[in-house]
Amino acid sequence: MSELLVNTIKNTGGTTAMSIDGSGRVARPVRVGFKIGASSHDQTSNLTGIITQYNNLRNTVGDFNDGAYNTSTCIYTVPVAGVYMTGVQAFSYGENSLEILINQDGVAIGGCQQNGTNDESNYEVATFSTITNCSVGDELAAYSNGHKYHLNTQSCFFYAYLIG
């Protein structure tokens, strides 16, 4: 039986790929993916298209960006092929219904719908997550399908990260 005893695995250039502590926990200094928040606390008019307010990297609440999420276009270009967990959260605005989707290369891979109430002061949450297989260069985006939505800077987000 062979044993491989290491504390750190590095690239030939010296960059640490992962470290293993004395308890066997593996730490990776680079995470592939992103979590980004909403930049505004506001509602929109009816929108069909990419939700462009997901462009606020909130360092105080654990948001991160591996550099492949473009905060100008609000599109994530997959840098590493594999299986990704992705999700989005927004609110319906008052009595309006909301449909949010996640698009991969312009095609919806899933989403959810939330019907609002008759009270403009209530915001019903719409949350969706899924797992999808991605190739290098695939584009992921949060999308609204012709509905009015409300975003706030504390509770609304879009994310994707490599799980395998």
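Which residue lies over the face of Phe 157? Some friendly notes follow.

1. Lys 35 does, at 5.3 Å from the ring centre. Such a contact requires NZ of Lys or CZ of Arg within 6 Å of the ring centre and within 35 degrees of the ring normal.

2. Please bear in mind that this is a predicted model, where local features need pLDDT of at least 70, side-chain atom pairs count only at pLDDT 80 or more, and totals for chains, interfaces and linings use all residues. Residues are numbered from 1 along each chain as its sequence is written, and side-chain values use heavy atoms, leaving out hydrogens and water.

3. The whole structure holds 8 aromatic pairs (rings of Phe, Tyr and Trp, the last by its six-membered ring, with centres within 6.5 Å; planes under 30 degrees apart are stacked, over 60 edge-to-face, the rest tilted). Tyr 54 and Phe 158 make a tilted pair, 6.1 Å centre to centre with 50 degrees between the planes. Tyr 54 belongs to strand β7 (residues 54–56) and Phe 158 to strand β17 (residues 157–162), so the pair ties together parts that are 104 residues apart in sequence. Strands here are DSSP runs (E, at least two residues), numbered from the N terminus.

4. Both Tyr 54 and Phe 158 are buried (under 20% relative accessible area; exposed is over 50%, partly exposed in between, with a 1.4 Å probe and protein chains only).

5. Two backbone values deserve a look. Cys 74, in the loop between β9 (69–70) and β10 (75–77), has phi near 60 degrees and is buried at 1% relative accessible area. Asp 105 has phi near 55 degrees and is partly exposed at 44%.

Definitions and conventions:
Helix = DSSP H or I, 4+ residues; strand = E, 2+ residues; numbered from the N terminus.
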